[in-house]
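Subject: Structure handover

Hello,

Here is the structure that I said I would pass on.

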Amino acid sequence: MAIQNISARSPAFSQLTCGLRDILPLAAGVAVYGLAFGLLAAQASMDGLQTGIMGTIVFAGSSQIIAVERLVAGTGAGAAILAGLALNLRLLLITASLRDEYSGRPWWQVLLGVHLATDENWALMHAMRARGHQAGYWYLIGGGIGLIAVWVLSTAAGAGFANTVPDPKALGMDFAFTAAFIAILRSLWSGSTMLLPWAGSVAIVLLTGLLTPLDPTWTLILGGLSGAVLAGVLNDD
């Protein structure tokens, strides 16, 4: 029985370690904007511990950046959370596409998989499959573990570093947020099919921002929702 159990666990352990190893180059990029997010979190009066706890519980890079940026801008917590959720609507589709990997697993494995599913490890899993490699649930989890470890450590380090600097804005460090978001946008681009949803989303944000008295938080939410709807309609195949 013991030999059978070891044999049954080996493929899972092998995929987990492969996922952890293969995600490292992408994790290095995540660390860069993790540091930038830490600087932004410090501007919202968050210390390294609070930033690390937020990253562990939420673990949604771009969504966290938008939510904290809105807090820094003075919007309420509810509006900041809504803006973050709107930006991460795509994760509903990503997790839905993993239903075969989650099917038949215990609840804790499903929750773990949903929590650790990101653009990076999801895309890496499919890329490895396209090359003929075995990459399933545990490969996804291995990649997710690598990403969340790097994200939490880098964001906490960024917040801790910012607290040692008297005035980050005077040194131009607040530009780190803009640079980080540009890097995230680049990583989210998956081809020409994204052009119309992105253009539609940007147009809605600009039009509602220029022609209505809405707070920028709501223009971001409307832009995110309209882009998700447009992507769903155009890719209904």
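**The chain as a whole**

Of the 237 residues in the chain, 41% are buried, where buried means under 20% relative accessible area, exposed means over 50%, and partly exposed is in between (1.4 Å probe, protein chains only). This is a predicted model, in which local features need pLDDT of at least 70 and side-chain atom pairs count only at pLDDT 80 or more, while totals for chains, interfaces and linings use all residues. Residues are numbered from 1 along each chain as its sequence is written, and side-chain values use heavy atoms, with hydrogens and water left out.

The chain has 13 helices and 0 strands. Helices (H or I, at least four residues) and strands (E, at least two) are DSSP runs, numbered from the N terminus. Read from that end, the elements are α-α-α-α-α-α-α-α-α-α-α-α-α. Among contacts in the chain with a separation of 6 or more, 75% are between residues 24 or more positions apart; a contact means heavy atoms within 4.5 Å.

Helix α2 covers residues 24-43, which is 20 residues. From its first C-alpha to its last it reaches 29 Å, close to the 28 Å expected at 1.5 Å a residue. The expected span is 1.5 Å times one less than the number of residues in the helix. After α2 comes S45, whose phi is positive, near 65°.

How do α2 and α10 meet, and at what angle do their axes cross? The axes of α2 and helix α10 (residues 137-162) come within 7 Å and cross at roughly 35°. Axes here are lines fitted to C-alpha atoms, for helices over the stretch in contact, and angles run from 0 to 180 degrees between N-to-C directions. The crossing is right-handed: a crossing has this hand if the near helix is turned clockwise from the far one by less than a right angle, and is left-handed if anticlockwise.

On the α2 side, the contact is made by A27, V30, A31, Y33, G34, L35, F37, G38, L39 and A42. On the α10 side, it is made by L147, V150, W151, S154, T155, A157, G158, A159, F161 and A162. These residues divide into 15 nonpolar, 5 polar and no charged. In this count Ala, Val, Leu, Ile, Met, Phe, Trp, Tyr, Cys and Pro are nonpolar, Asp, Glu, Lys and Arg are charged, and the others, Gly among them, are polar.

T51 is in helix α3 (residues 48-58) and is buried, with a relative accessible area of 0%. Leaving out residues up to four places away in sequence, T51 touches F37, A41, M46, T155, A156 and A159. A polar atom of the T51 side chain lies 2.8 Å from the backbone oxygen of D47.

V68 belongs to helix α4 (residues 61-72) and has a relative accessible area of 1%, so it counts as buried. Apart from residues up to four places away in sequence, V68 touches F37, L40, A41, A44, M46 and M54. V68 and A41 are 27 residues apart along the chain, and their C-alpha atoms are separated by 6.4 Å.

Q109 sits in helix α8 (residues 107-116). Is Q109 buried or exposed? Q109 is buried, because its relative accessible area is 10%. Beyond its neighbours within four places in sequence, Q109 is in contact with Y137 and W138.

E120, in helix α9 (residues 119-130), is buried with a relative accessible area of 16%.

I141 lies in α10 and is buried, at a relative accessible area of 1%. Neighbours within four places aside, I141 is in contact with L16, L112, G113 and L116.

V229 is in helix α13 (residues 216-234) and counts as exposed, because its relative accessibility is 54%. Its C-alpha atom and that of P197, 32 residues apart along the chain, are separated by 8.2 Å.

Regards

Terms used: A polar contact is a pair of N or O atoms within 3.5 Å; within protein, one must be able to donate a hydrogen and the other to accept it, and residues adjacent in sequence count only if both atoms are side-chain atoms.
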